[in-house]
Amino acid sequence: MRKCDVAVIGLGLMGSAALDALLSSGVDALGFDPVGAGANRGSSHGSCRIFRRFNFENPNYTALSDEAHAGWIRLQEAHGQTILTPTPVLEAGRPGSKMVAASRAAAIAMGHPDPALAAAEANRRFPAFDLPDDWDVVVQDGGAILRTEVVMEIMRARAGNRIIAQSAQFEPRHDGVSIRTANDAFFAERAILALGPWLGRALPKLGALLKVTRQAVGWFRPARPEAVALGRFPIFIVERGANDVVYGFPNFEARGVKAAPHNHGPVVGPDDWDPPATDGELGLVSDALAALVPGATGPIIDRDICLYTNSLAADRRPDQGEEFIIDRWPDSRLVVCSACSGHGAKFAPAIGRRLARLATDPTFEAEPFFRLSRYSAFA
Ligand SMILES: Cc1cc2nc3c(=O)[nH]c(=O)nc-3n(C[C@H](O)[C@H](O)[C@H](O)COP(=O)(O)OP(=O)(O)OC[C@H]3O[C@@H](n4cnc5c(N)ncnc54)[C@H](O)[C@@H]3O)c2cc1C
């Protein structure tokens with residue numbers, strides 16, 4: 001039986017970042033995942049994610065963004081490959097938009113200059129847009145296109161032969177965790193479960209707090225290619241209503257404008273990937289582009305499906321209802337990570353560090369808003 005100090009089961013962005021943090025600090029760690037970098041399963045596939053410094057979801061996340069940013073820059077410099085492409089982030093909504101107000105407040109709370117901009121000024125600065133004059137708009141700097149495909153490849157390469165490319169079943173024991181793959185048995189002192197949408201299936205009590213949803217993504221052939229080019233066009237998030245939020249990217253990979261709904265799609269199981277994203281699912285995006293970003297609107301030329309894993313609202317402390325779960329699992333030597341909720345990718349280096357510390361430093365705790373004890377089922 002092969003032994004290690006820490007096993008990381010699941011090597012999406014979070015597990016890969018945790019394994020990287022462990023190996024970088026000399027811990028005897030192994031990672032398990034049957035899915036290779038670039039495969040279109042799990043929540044981390046695809047070329048890019050949005051990096052935002054100021055997060056409308058929770059102002060506490062600014063510190064996490066800054067810590068993660070430093071991690072991305074270190075990785076970028078160590079490997080000489082672009083991981084972050086600095087790009088402004090435009091967030092816009094109807095007058096009184098809570099999303100825009102929260103993003104603005106998060107910036108101001110850090111002593112940052114007020115990022116608010118008149119809609120007409122935003123339309124002038126970014127001519128692909130046609131935002132109504134009375135809309136609330138912020139344009140935050142410190143944003144970037146996060147090249148997740150590059151990240152996954154770099155992290156897998158860094159871990160080298162510490163990766164077992166197989167599915168792993170685990171069984172907690174009083175002194176550690178037994179792990180079994182199709183071919184081998186392992187014993188780890190501790191294990192980090194970074195299973196993305198599969199986490200609830202492995203731990204049903206945790207599954208009761210998680211909601212996995214199907215998210216459609218499309219690439220649109222832009223009406224005005226010059227207006228949506230990198231450098232001329234921001235990352236954007238537009239909110240037309242509480243359940244009508246659409247985000248998108250500049251055409252940075254000559255594949256069209258990637259855009260998608262941020263509101264939650266239907267609840268699904270972790271293996272429910274079919275059918276491919278339909279025109280109906282992307283209709284909200286086509287409508288939003290036509291109404292607000294006419295320079296980016298056009299036929300759908302490519303499509304994808306990805307899964308969000310959203311945590312439910314805590315019943316023991318106020319939160320926005322989607323804060324991640326990053327904690328030790330009670331009465332075991334397991335650490336759990338539900339870092340998805342549709343906006344976890346940007347934080348991966350910071351979350352990976354927390355997971356590694358939870359597994360190796362008994363005095364360490366993640367922030368209270370990440371802990372299981374915010375739910376009465378775990379108090
Ligand atoms: C459409 C979409 C858009 C998003 N946009 C953004 C964004 O703009 N900005 C942002 O910051 N975040 C964004 N996110 C969120 C971000 O991508 C996720 O937070 C992140 O990818 C979650 O990574 P993970 O490692 O937790 O899960 P996953 O990537 O799902 O990884 C879980 C891994 O566990 C493996 N696994 C499962 N079972 C086993 C087993 N038994 N043994 C071994 N391995 C196993 C799977 O193969 C998988 O690779 C988005 C997500 C989606 C779906």
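These legends walk through close-up views of one predicted model. Residues are numbered from 1 along each chain as its sequence is written, and side-chain values use heavy atoms, leaving out hydrogens and water. Because the model is predicted, local features need pLDDT of at least 70 and side-chain atom pairs count only at pLDDT 80 or more, while totals for chains, interfaces and linings use all residues.

**View 1. The shell around the ligand.** Here you can see 34 residues around the ligand, of which Asp 33, Ser 43, Ser 44, Ile 50 and Cys 306 come nearest; a residue is near if one of its heavy atoms lies within 4 Å. By class, the shell has 21 nonpolar, ten polar and three charged residues (Ala, Val, Leu, Ile, Met, Phe, Trp, Tyr, Cys and Pro count as nonpolar, Asp, Glu, Lys and Arg as charged, and the others, Gly among them, as polar). Domain 1 (2-45 + 149-208 + 316-378) and domain 2 (89-141 + 211-311) both contribute to this shell, so the ligand lies between them; the domain bounds come from an automatic or database assignment.

View 2. Zoom in on Arg 49, where a polar side-chain atom lies 2.8 Å from a ligand oxygen atom. Ser 167 places a polar side-chain atom 3.4 Å from a ligand nitrogen atom, and a backbone N or O atom of Gly 342 lies 3.3 Å from a nitrogen atom of the ligand. The protein covers 94% of the 1,000 Å² of accessible area that the ligand has on its own (Shrake-Rupley method, 1.4 Å probe). Helix H1 (13-24), strand S3 (49-51) and strand S16 (300-311) each give two or more residues to the shell, and the largest share, three residues, comes from S16. Helices (H or I, at least four residues) and strands (E, at least two) are DSSP runs, numbered from the N terminus.

**View 3. The second largest pocket.** This view is lined by 30 residues, with Phe 56, Glu 57, Met 99, Glu 239 and Ala 242 nearest the pocket centre. The lining has ten nonpolar, 13 polar and seven charged residues. Helix H3 (98-109) and strand S13 (235-241) each supply two or more lining residues, and H3 gives the largest share, five residues. A pocket is an open set of points on a 1 Å grid over the protein atoms alone, where a 1.4 Å probe fits, with protein on both sides within 12 Å along at least five of seven lines; lining residues have an atom within 4 Å of a point.

**View 4. Two loops with backbone features.** A cis peptide bond joins Asp 274 and Pro 275, with omega about -10 degrees. Pro 275 sits in the loop between strand S15 (257-261) and helix H8 (283-292). Ala 254, in the loop between strand S14 (244-248) and S15, has a positive phi near 50 degrees.

Key:
Polar contact = N/O pair within 3.5 Å; in protein donor to acceptor, adjacent residues only side chain to side chain.
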